[in-house]
Amino acid sequence: MRWSSLFIPTLREAPAEAEAVSHQLLVRGGFIRQLQSGHYSMLPLGWKVHRRIAEILRQEMDAIGAQEVLLPAIHQAAIWQQSGRWDAIGDDMFRLVDRKGADQVLGMTHEEVIASIGVELSSYRDLPQMWYQIQTKFRDEPRPKSGLLRVREFTMKDSYSIDLDDEGLDRSFNLHHQAYQRIFARLDLHAIPVEASSGAMGGSNSVEFMVESGAGEDDVAVCSGCDYAANLERATATLATVESRPGSEAPERFPTPGIRTIDALAEAGHPAEHQIKTLVYRVDGELALLLLRGDHPFQEQKFLDATGASEITPAESDDIRAALGASPGSLGAVGVDDLVVYADPALEGRTGMTTGANEDDVHYSGVDVDRDIGVDRWVDIRGIVDGEACASCGEPLSVVRCIEAGHIFKLGRKYAEAMGVSVLDADGQSRIPTMGSYGIGVGRAMAAVAETHHDDSGLIWPISIAPYEVVVTVVKVDDEESMAAAEAIYEGLQAAGIEALLDDRDERPGVKFADAELVGFPLRVTVGPRGLQTGHVEVGLRADGSQTEEPVGTVVDTLVGRVEAGRRAGS
RNA sequence: CGGGAUGUGGCGCAGUCUGGCAGCGCACCUGCUUUGGGAGCAGGGGGUCGGCGGUUCAAAUCCGCCCAUCCCGACCA
């Protein structure tokens, strides 16, 4: 294509509202434009990148034997009611009513629809099946942000496996795990597979593919010594031993006027690791006490996963006062027996602890957890902290910010059962198959690449997904010899199956160079009268900024070699 | 949903406090010059100042309500 006839609206400055680097560069490079919050138009360049990513997804899905389908984006409420998610999901789902008054949803995921097709499976001989689609998903996110990273309408590759038994599910799950690693390698994304919470989806195994980036929204604990990595919602670590302070016969009350925080109490001579942090939450509507060591953060998702509770919210201060007789800052669990008390195992066996006495401005010291507190359930609910020791190898864990680029998990039989999927096994017995669900967001992958592939001048696309693999920059378009040489190179590249762009715009060279770098073409051929005098052009590598002289006669072969090597990279 | 901020031409911004002709840079159009790293000169086009209502002789500017966008938090298969 010729640049002069394309729509590539580059901007010198990014819109003020663009914060994330990927957002700024994708807008400045003319890839995307925002229509409204969370909804973006893919302009020609953006759509080309999007299509190339989708093509890699197709190839790798096909390679593991998955079959492409296309499912409806609008579903009747009935199938969501059948699975129980009509009520379970809430405001995240776009809902609408059709002209007949029937409730409809815009699909945010497709387990129900897949299972509704799965009812046609009747024999174990029909299994396993793996079906995937590349389709628009709708989610009414409370807060879309960071350009393409979190949006309300996006294209997703979602696949689903259906197997007779757990061994089959393991096989399908592992095939996806391997396929995802190949996909991210081809996208040149360093994606770490991490243990994750499967959240409200249920299921046993859940692995997220995480790309380290400050623009992400998830915190991941990564071990420096072994390959342990886990989402903070799930991560565990070995605690350094803390020597309990000397105990006493019974808890002792002492006045703490004005002391409301862990820090303030620590300054008063009671270090945080010798304090019990008492939180009051409503767990599925019921007030409960949650106890942690003073210096440990609460990890809500861990609590949900461990207890099976579906909703927890911090209690209102009026309710707290009514139940305990004091305000936050002076709360404790000593002597409390009418509320459920959950405690983190880090408190087990501890003595000489300090905690609130349920009277404003009064605390207890000398608390023996096992003796003085009626713990109903011990549950691991603490969030680990950067630097703690890996539970597997003892080396320090580091906590890094990540973009969730992919997620695979085992659904089990929940959806098959709800939707009435069953097959006969070899013994003629009716069996409910088990399913898996596997997703990669296409636009988010594009943003993740942008987020990790750029410099001060702009984007740096991997050859595998670049909008054009080579840009032929004509320095002086009214120089006939230059144009002729550039056209010949351009046509040679096209003939060799290279995606090439001829920058034939009548612009100053500086403008053309700057645009090429902003847009991020991996390879640039610069054709100008200066080089042509000796029969040379320049080949520039966007990744390292190198420029090398190349005879006009061999430049096409050189470029073809580089592009083909780049396409193979990672695969 | 709670907290904070912002809305003035395609993009970036000034003007708002203290009411009085709607401005600047980039981009765009025409002409001349220039031409290997975001050119110069001259001329030109483009704006319901987020919306509605109010105060006033007069509102981008003051007041009220609403909307949108961004950030933090909550939330989030």
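**Cysteines, core and cavity**

Visitor: Is cysteine 402 buried or exposed?

Guide: Cysteine 402 has 0% relative accessibility, so it counts as buried. Keep in mind that this is a predicted model.

Visitor: What about cysteine 390, buried or exposed?

Guide: Buried, because its relative accessibility is 2%. The cut-off for buried is under 20%.

Visitor: How many disulfides does a search of the whole structure find?

Guide: The search finds 0. Cysteine 390 is in no disulfide. The nearest cysteine sulfur belongs to cysteine 223, 3.7 Å away.

Visitor: New topic. Which domains does chain A have?

Guide: The assignment gives domain 1 (8-235 + 399-450), domain 2 (252-378) and domain 3 (459-568).

Visitor: How many Å apart are the C-alpha centres of domain 1 and domain 3?

Guide: Those centres lie 37 Å apart. The two domains are in contact, with 20 residues from domain 1 and 15 residues from domain 3 taking part.

Visitor: Now the largest nonpolar core. Which residues touch the most other members?

Guide: Phe31, Ile53, Tyr180, Phe184, Leu187 and Trp461 do. The core has 62 residues. At least three of its residues come from domain 1 (8-235 + 399-450), and at least three from domain 3 (459-568).

Visitor: Let's pick leucine 187. What does it touch?

Guide: Leaving out residues up to four places away in sequence, leucine 187 touches Ile53, Ile56, Ala445, Val449, His453, Pro462, Ser464 and Ile465. Ile53 is also on the list of core residues that touch the most other members.

Visitor: Which residues line the largest cavity?

Guide: Its lining is Leu149, Ala215, Gly216, Glu217, Asp218, Ile403, Glu404 and Arg444.

Visitor: How many of the lining residues are nonpolar, polar and charged?

Guide: The lining has 4 charged residues, 3 nonpolar and 1 polar. Among the lining residues are Glu217, Asp218, Glu404 and Arg444.

Technical notes:
Residues are numbered from 1 along each chain as its sequence is written. Chains are lettered from A and ligands numbered from 1 in the order in which they are written. This is a predicted model: local features need pLDDT of at least 70, side-chain atom pairs count only at pLDDT 80 or more; totals for chains, interfaces and linings use all residues. Side-chain values use heavy atoms; hydrogens and water are left out. A nonpolar core is a set of buried Ala, Val, Leu, Ile, Met, Phe, Trp, Tyr and Cys residues joined through side-chain atoms within 4.5 Å. Buried means under 20% relative accessible area, exposed over 50%, partly exposed in between (1.4 Å probe, protein chains only). Domain bounds come from an automatic or database domain assignment. Contact means heavy atoms within 4.5 Å. On a 1 Å grid over the protein atoms alone, a cavity is a set of points where a 1.4 Å probe fits but cannot get out, and a pocket is an open set with protein on both sides within 12 Å along at least five of seven lines; lining residues have an atom within 4 Å of a point. Ala, Val, Leu, Ile, Met, Phe, Trp, Tyr, Cys and Pro count as nonpolar, Asp, Glu, Lys and Arg as charged, and the others, Gly among them, as polar. A disulfide is a pair of cysteine sulfur atoms within 2.5 Å.
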